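This report covers selected local features of one protein chain. The sequence and model are shown below.

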Amino acid sequence: MADVVVVGAGFAGLSAARELVRQGQDVVVFEGRDRVGGRSFTGNVAGLPADLGGTFVGPTQDAVLALAAELEIPTEPTHHDGRNVIRWRGWTHSYRGTIPRLSLTGLVDIGRLRWQFDRIARGVPVAAPWNARRARQLDGVSLGGWLRSVHATASSRDLLAIVARVTWGCEPDDVSMLHAARYTHAAGGLDRLLDVENGAQQDRFPGGTQQIAEAAAAQLGDRVILEAPVRRIDRHGSGVTVVSDAGKTEAGFVIVAVPPAHRGSIEFDPPLPPVYGQLAGHWPQGRLSKAYAAYETPFWRDAGFSGQALSDEGPVFITFDLSPHTDGPGILMGFVDARAFDTLPCEQRRRDALRCFATLFGDDALKPLDYVDHCWGDEGFAPGGPTAAVPPGSWTRFGPWLRKPVGPIHWAGTETADEWTGFLDGAVRSGQRAAAEVLARL
């Protein structure tokens, strides 16, 4: 018996449970994995924490920063001093700032596209993007289709393909222009979304992000039950019966804090209205992988490089320097195009990732102390990328039901957030919002 059941022990589910417990509610959290954290998962490389999932935090991400501060988990700045590197059309160049200056024509075109895109994004109401002016038109075309319609150059399209891969784990043709605009608006604009300094990548947690979830779960104690995937939710007059691998639990309400695509793995009785099942099928997860290499020193700094790089060759297409700020090894982290990478044997993935690092920073990158990668698309439970890659047509058809409760069933997860959708901060906000909905009804 419980007042509220929470499905999922990621940042959304744990945040919802914390708020409910603070208000005196009896809560149980069921998690299908053998760990908490959801899409936050901290492994290690050369004995140091390595975030294989969510990593960064930045200004205006106040919800997750407040949670970390309450749990006494510090942040530190992401290293960004020095010149950035780009591997483009077979040549390697250095540059400063967020956007590389490949040519005067390219710089002008990127500036034009950013102005047009930001203007569209500012006009999309985050809470109800289906009410945006020209919503159906924007949702009827992909980001790639929009770029072609405004005659973006090939270089501009390829640069924005890198943005799509790292943001949604997909190609520009796979994501709705309305979704891309709403997502950007929810982050505070393109600059806030893409930048390191004063942007979404400004800081990180040196001990890893999963420690936040672990500390939150420790406070909840035996209310959090692992390896207990929820199989069925039955609605009845007094609330819900939640059937998990741990047994049956009777509750007044349930908060389902999993990605929309994974809601379909739960059986509902009576069945949800058809639009909810259709929504789950039209809100797919992207696919994104990560690779880390550790070296005796951050040798790229000696050459004046920041460790940040872009590449049009892959499979690594963007890198960051995540070396500890104290003396110690140098750590390069690369976001990896999952499409060809994930199917390779471990040793081949290692060779391909190190080859990319070496193309950007020199042959010293071929001789790491340690290497680790993680393929989220191959996860055995709840596979997928960092967030949903919402395809054209989905927001205007299914958006109004994304977080609309069905009787005692409420919805959370970073995809349902109105600020910092797709980020850890959005997950925390969504859990707090769902808890407030339930508390209002209680």
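The sections below take up an annotated site, a helix and some backbone details of this predicted model.

## Annotated site at Phe335

An unreviewed UniProt entry places the feature "binding site" at Phe335. This residue belongs to strand β18, residues 330-336. With a relative accessible area of 10%, Phe335 is buried, because the cut-off for that class is under 20%.

Leaving aside residues up to four places away in sequence, Phe335 touches Phe56, Val166, Leu288, Ser289, Lys290, Pro315, Val316, Phe317, Ile318 and Phe320.

## Helix α1

Helix α1 runs over residues 11-22, and its 12 residues should span 16 Å at 1.5 Å a residue. The end C-alpha atoms are 16 Å apart, in agreement with that value.

Of the 12 residues, 9 are buried, so α1 is largely enclosed by the rest of the structure. Among them are Phe11, Leu14, Arg18 and Leu20. Gly24 follows the helix and has a positive phi, near 85 degrees.

## Cis peptide bonds

Most peptide bonds are trans. A cis bond joins Gly314 and Pro315, with omega about 5 degrees. Pro315 sits in the loop between β16 (305-311) and β17 (316-321), and is one of the residues touched by Phe335.

Another cis bond joins Asp269 and Pro270, with omega about -5 degrees. Pro270 is in the loop between β14 (267-269) and α11 (274-281).

Most residues other than glycine have a negative phi. Glu72 has a positive phi of about 60 degrees. It lies in the loop between α2 (62-70) and β6 (76-77) and is exposed, at 71% relative accessible area.

Arg89 has a positive phi near 55 degrees. Its place is the loop between β7 (83-88) and β8 (91-95), and at 40% relative accessibility Arg89 counts as partly exposed.

Conventions
Residues are numbered from 1 along each chain as its sequence is written. This is a predicted model: local features need pLDDT of at least 70, side-chain atom pairs count only at pLDDT 80 or more; totals for chains, interfaces and linings use all residues. Side-chain values use heavy atoms; hydrogens and water are left out. UniProt positions are given in the numbering used here, feature names are shortened, and annotations may be inferred rather than shown by experiment. Helices (H or I, at least four residues) and strands (E, at least two) are DSSP runs, numbered from the N terminus. Buried means under 20% relative accessible area, exposed over 50%, partly exposed in between (1.4 Å probe, protein chains only). Contact means heavy atoms within 4.5 Å. The expected span of a helix is 1.5 Å times one less than its number of residues.
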